[in-house]
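Here is a walk through one protein structure. Keep the model in view and follow along, one region at a time.

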Amino acid sequence: PNMFVKVLTGIVATAAVADAFAPAGLGLRPSGPRAEVSAVSSLTMAGTMEKPESMTRPEVYGLDQNKNGGVWVPQRARPRRNRKNEGVRAMTRENEVKPANFIYPLFVHTKDQNEDIESMPGCQRHTVDSVLTEVGEAVAEGVSNVIIFPKIPDDVKTNAADECYNPEGLVPEVVSKIKDKYGMQVNVWTDVALDPYSDQGHDGMVSSDRRGDGGCGRIMNDETVEQLCRQVVAQARAGADTVAPSDMMDGRIGAIRDALDSEGFTDVSIVAYTAKYASAFYGPFRDALDSAPRETSTAPRNKKTYQMDPANSREALIEAHLDSAEGADMLMVKPGMPYLDIIKLLKDNTNLPISAYHVSGEYAMLKAAAERGWIDEKEVTLETLLCFKRAGADAILTYSAKQAARWLNEA
């Protein structure tokens, strides 16, 4: 009993101290009897029928009445005040996505007419002339960066992928014509990898032995880097402003930087695919370019020996520090939405700009849901792109670039 009295006395004393030091007007519980009528009963709420006379709303514990008799949650800090109207929201908005943030990927082939890409609604394999038109439309919407992905005929594909540095090849032709027509209105990026040109469907050359993963051939790192150096020089000679190595070979950024500089192309930028994961989200892209690993060859059935394990995040820091030291000008994370944590990780731990690749699988899922009426395509697309910015991306490679820019400009 004595212990109970002591505890009860302590509780009463604590309450008394709290009331004594409470700021004036804070309105802790009134000392007198509570009003029988709830403050909420005096409100008129939109879309709500009047409360029947016979209905009594139960008292809600912990709430008080203000001096006007209205219900009061005694909280000074109310974050909603900074969200109360568009003027305030716009003033305090932390991130904004603009057409200038976008890189527009364009597929091109050697045929004389465009082809729809079934798994990527709204995307096509363009003719060279159609690419020029598409670039012009993007530039008109404020998109000043495009990247070219080629669909190469099978009859010129080889394991060594020598077509990748053919000065008369498809990519040099397209790059040259874009620069001739639009000049500095647009920065032309080129993909750097062997898979579009490979009869093995890999980003690198495949060894003839079976000493690789799963008893398959090995992806030959240094020999591939040598080919990539030839590829970027051919692209730079055609007028490429930026080369984007997506191959994930070790040491390729430094070798490419040296190859470009030795030829006088010190102004050509390198965007390194730094954290490119061995993801299942690339399927539609591989359909578009026919660049998936060949099941009929001795090559590995997947790209896991050079692309990163989706389970890993700290490994991205190793790649980022290497690419930065070797001369990269920007670092890319691929895929985008499932890897926002990696975008944030690189943004917080490097001083280089970060780009995010909103990949084909992400794009296709969004399109499929929109076609079924399950989501609002415009709102979800723009929210997705804003999420990349919020995570730390300075640039966003997205198949929605032209359409998203148009929506932003209309707004």
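Start with methionine 248. In this predicted model, methionine 248 counts as buried because its relative accessibility is 3%, and the cut-off for buried is under 20%. Look for it in the loop between strand 10 and helix 6. Methionine 248 has a positive phi of about 70°, although it is not a glycine.

Alanine 161 is found between strand 6 and helix 4. Its phi is near 55°, again a positive value in a residue other than glycine. Is alanine 161 buried or exposed? Its relative accessibility is 0%, so alanine 161 counts as buried.

Strand 6 pairs with strand 7 (residues 187-192) in the parallel sense, over four bridges. Isoleucine 148 has threonine 190 of strand 7 as its bridge partner. Between the two strands the chain runs through helix 4 (residues 170-182), and this β-α-β crossover is right-handed. Strand 7 is largely enclosed by the rest of the structure, because five of its six residues are buried.

Strand 7 also pairs with strand 10, in the parallel sense and over four bridges. Strand 10 in turn pairs with strand 11 (residues 269-276), in the parallel sense over two bridges. There, threonine 242 stands opposite serine 269 in strand 11. The chain gets from strand 10 to strand 11 through helix 6 (residues 252-262), and this β-α-β crossover is right-handed.

Look at the side chains of strand 10 next. In a regular strand, the side chains alternate between the two faces of the sheet. In strand 10 (residues 242-245), Thr242 and Ala244 point one way. Val243 and Pro245 point the other way. Each of these four residues is buried.

Two of them lead on to isoleucine 256. Leaving aside neighbours within four places in sequence, isoleucine 256 is in contact with Val243 and Pro245, and also with Val192, Leu228, Cys229, Val232 and Ile270. Which residues touch the most other members of the largest nonpolar core? They are Phe102, Val135, Ile178, Ile256 and Ile343, in a core of 79 residues. Helix 5 (residues 221-238) supplies the largest share of this core, with seven residues. Apart from it lies another core, of 23 residues, including Ile117, Ile147, Phe149 and Ala395. In soluble globular proteins, nonpolar side chains tend to be buried together.

Turn to the rings. How many aromatic pairs does a search of the whole structure find? It finds eight. In one of them, the rings of phenylalanine 107 and phenylalanine 149 have their centres 6.1 Å apart and their planes at 40°, so the pair is tilted. This pair links distant parts of the chain, with phenylalanine 107 in strand 3 and phenylalanine 149 in strand 6 (residues 145-151), 42 residues apart. Phenylalanine 107 is buried, with a relative accessible area of 2%. Phenylalanine 149 counts as buried at 1% relative accessibility. Phenylalanine 149 also pairs with phenylalanine 285, this time edge-to-face, at 5.1 Å centre to centre and 90° between the planes. That pair, too, links distant parts of the chain: phenylalanine 285 is in helix 7 (residues 283-289), 136 residues away from phenylalanine 149. Ring pairs join Phe107, Phe149 and Phe285 into a cluster with Tyr273, Tyr357, Tyr363 and Tyr399.

The charged end of lysine 334 sits over the ring of tyrosine 282, 4.7 Å from its centre. Arginine 372 places its charged end over the ring of tryptophan 374, 5.8 Å from the ring centre. Stay with lysine 334 for a moment. The peptide bond from lysine 334 to proline 335 is cis, with omega near -5°. Proline 335 lies in the loop between strand 12 (330-334) and helix 9 (340-349).

Finish at helix 12 (residues 401-410). Its buried residues include Ala401, Lys402, Ala404, Ala405 and Trp407. The buried residues of helix 12 pack against strand 3 (102-109), helix 3 (128-140), helix 11 (377-391) and strand 14 (395-398).

Key
Residues numbered from 1 in each chain as written. Predicted model: local features only at pLDDT ≥ 70, side-chain atom pairs only at ≥ 80, totals over all residues. Heavy atoms only, no water. Core = buried A, V, L, I, M, F, W, Y, C linked by side-chain atoms within 4.5 Å. Buried < 20%, exposed > 50% of the residue type's maximum accessible area, 1.4 Å probe, protein only. Contact = heavy atoms within 4.5 Å. Pairing = 2+ DSSP bridges. Right-handed = clockwise from strand over helix to strand, strands pointing away. Phe/Tyr/Trp six-rings, centres within 6.5 Å; stacked < 30°, edge-to-face > 60°. Lys NZ or Arg CZ within 6 Å of the ring centre and 35° of its normal.
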